[in-house]
Amino acid sequence: MFEPGLIEKFKELKTPFYYYDLELLKRTLQEVKVHGIDKGFHVHYAVKANFNVELLKIIRQSGMGVDCVSGPEIERAVETGFSPSQIAFAGVGKTDDEIRTGLKHNIFSFNCESLQELEVLNGLAEKEGRTASVSIRLNPNVEAKTHRYITTGLNENKFGITIEKLPMLFSILPELDHLKLTGIHFHIGSQITELKPYYDLCEKVEIVQRLFEKEGHKLQHINVGGGYGINYLEPDAEPIPDFKAFFQVFEENLTLRKNQQLHFELGRSVVGQCGSLISRVLYIKEGLETNFAVLDAGMTELIRPALYQAMHRVDSLTSNMSPKMYDVVGPICESSDTFRQGVWLPELRRGDLVAIRSAGAYGEVMSSGFNLRERIRSYYSDFAKSTL
Ligand SMILES: Cc1ncc(COP(=O)(O)O)c(C=O)c1O
Ligand SMILES: N[C@@H](CCCC[NH3+])C(=O)O
């Protein structure tokens with residue numbers, strides 16, 4: 001990913017910054033197209049993973065729709081040229097203003113997460129003189145086998161309506177005459193690296209579909225969400241996730257009804273591997289138990305290690321000396337501001353550049369101004385697109 005010429009260019013730039021390999025993004029999208037879109041599936045890109053406009057423009061060209069979680073994400077998707085007919089809007093706490101944004105654009109689907117939300121949406125749609133297309137987000141109580149903070153489909157999680165609440169849903173639906181029930185939606189979690197949870201999900205989808213059918217509801221679409229994981233420790237061995245295996249699970253294990261569409265919402269698996277956080281070593285500090293490599297990037301630029309104990313590969317870009325063991329840390333006033341502990345890297349010196357890999361998803365977009373840090377910049381493999 002990092003040719004010598006590129007590293008020379010990096011040396012001239014102020015660090016830290018995000019670097020996006022747009023060619024890798026395009027190759028990843030091509031795999032989604034071949035194994036998903038070309039099979040007739042509707043794939044929505046989860047904008048929350050990275051709302052960077054340069055990436056969105058490329059993603060739009062791939063034929064994907066989007067999954068949004070806020071009014072501003074809907075506005076950004078529309079501004080970038082996504083058709084509202086390809087916008088799904090999920091979120092457990094949609095505000096009235098955000099709902100109005102969705103109504104204004106007549107989006108493909110409001111993925112509703114509670115009975116009260118359905119009533120509020122119905123009221124707002126009535127006021128605006130519209131009918132909203134609604135998918136019911138269900139909580140299938142399926143174990144996603146991922147970090148507990150990014151598990152979303154268990155009874156204890158705040159997302160979706162539990163299957164047990166369906167009788168209540170069926171009883172209020174006939175009164176909500178500004179809603180059109182078009183589908184059901186699921187999303188069981190993120191960074192899912194085994195296929196088993198998806199097999200389990202397929203079983204639950206069939207159970208839920210039958211419950212809707214028993215009540216006379218014909219579903220135009222099933223949305224099974226996203227969550228497909230990436231290889232954080234060996235990004236070069238697996239720069240593009242195995243989308244064939246992913247889509248195949250659903251192709252082979254879901255019984256779609258006549259004319260029923262299958263929708264997906266993929267975030268991390270699309271943009272995760274194309275982004276890296278490039279940082280300079282500020283100091284090398286010998287501790288009593290370990291050597292610290294103190295970087296100029298910290299949890300303010302990439303919070304995943306601090307928040308989920310996530311491990312990102314750290315590559316040295318400028319040193320090829322013999323390896324030494326480091327705790328790679330940031331400059332922020334928190335001990336959790338640690339990227340890696342006890343990692344072997346070519347001996348580092350002040351000024352050396354490192355790449356923190358697989359940072360394209362939930363990296364730049366989760367950056368913060370804590371410690372009054374400057375907003376991080378981005379550069380692209382097509383440098384003409386960079387805001388210098
Ligand atoms: C409703 C919904 N859909 C899709 C996604 C995308 O998830 P991922 O980036 O793990 O594919 C998320 C985030 O986990 C989500 O909350
Ligand atoms: N922000 C999380 C993923 C959350 C997905 C949103 N539902 C991460 O970095 O892994």
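This is a predicted model: local features need pLDDT of at least 70, side-chain atom pairs count only at pLDDT 80 or more; totals for chains, interfaces and linings use all residues.
1. UniProt, in an unreviewed entry, labels residues 41-271 as "domain: Orn/DAP/Arg decarboxylase 2 N-terminal".

2. Over residues 17-360 the chain is 30% helix and 25% strand. The end C-alpha atoms of this stretch are separated by 12 Å.

3. The domain assignment divides the protein into domain 1 (23-272) and domain 2 (273-385). Between the C-alpha centres of domain 1 and domain 2 the distance is 32 Å. Where the two meet, 22 residues of domain 1 are in contact with 20 residues of domain 2.

4. Which elements supply at least two residues each to the side of domain 1 that touches domain 2? They are α2 (22-35) and α10. Of the elements on that side, α2 gives the most, with four residues. By class, the side of domain 1 that touches domain 2 has twelve nonpolar, six polar and four charged residues.

5. Ligand 1 has 16 residues around it, and those that come nearest are Ala46, Ser190, Gly226, Glu265 and Gly267. Two elements, β10 (261-266) and α10 (268-271), each give two or more residues to this shell. The shell around ligand 1 is made up of six nonpolar, seven polar and three charged residues.

6. Around ligand 2 stand Lys48, Ile150, Ser190, Gln191, Arg304, Tyr308 and Tyr362. The classes in the shell around ligand 2 are three nonpolar, two polar and two charged. Both domains take part: domain 1 (23-272) and domain 2 (273-385) each provide at least three residues of the shell around ligand 2.

7. The largest nonpolar core holds 91 residues, and inside it Ile87 and Ile356 have the most contacts. Domain 1 (23-272) and domain 2 (273-385) each contribute at least three residues to this core.

8. What does Ile356 touch, leaving aside its neighbours within four places in sequence? Its contacts are Ser276, Leu277, Ser279, Ala297, Leu302, His312, Val314 and Phe339.

9. UniProt, again in an unreviewed entry, gives the annotation "active site" to Cys333. In the model, Cys333 sits in the loop between β14 (323-329) and β15 (338-346). Is Cys333 buried or exposed? Cys333 counts as exposed, because it has 9 C-beta neighbours inside 10 Å, and the cut-off for an exposed residue is 12 or fewer.

10. Lys165 also lies in a loop, the one between β7 (161-162) and α7 (166-172). Lys165 is partly exposed because 15 other C-beta atoms lie within 10 Å, which falls between the exposed limit of 12 or fewer and the buried limit of 20 or more. Leu138 is 27 residues from Lys165 along the chain, and the C-alpha atoms of the two are separated by 9.6 Å.

Methods: Residues are numbered from 1 along each chain as its sequence is written. Chains are lettered from A and ligands numbered from 1 in the order in which they are written. A residue is near a molecule or strand if its C-beta atom, placed from the backbone, lies within 6 Å of it. Ala, Val, Leu, Ile, Met, Phe, Trp, Tyr, Cys and Pro count as nonpolar, Asp, Glu, Lys and Arg as charged, and the others, Gly among them, as polar. Domain bounds come from an automatic or database domain assignment. A nonpolar core is a set of buried Ala, Val, Leu, Ile, Met, Phe, Trp, Tyr and Cys residues joined through C-beta atoms within 7 Å. Two residues are in contact if their C-beta atoms, placed from the backbone, lie within 7 Å. UniProt positions are given in the numbering used here, feature names are shortened, and annotations may be inferred rather than shown by experiment.
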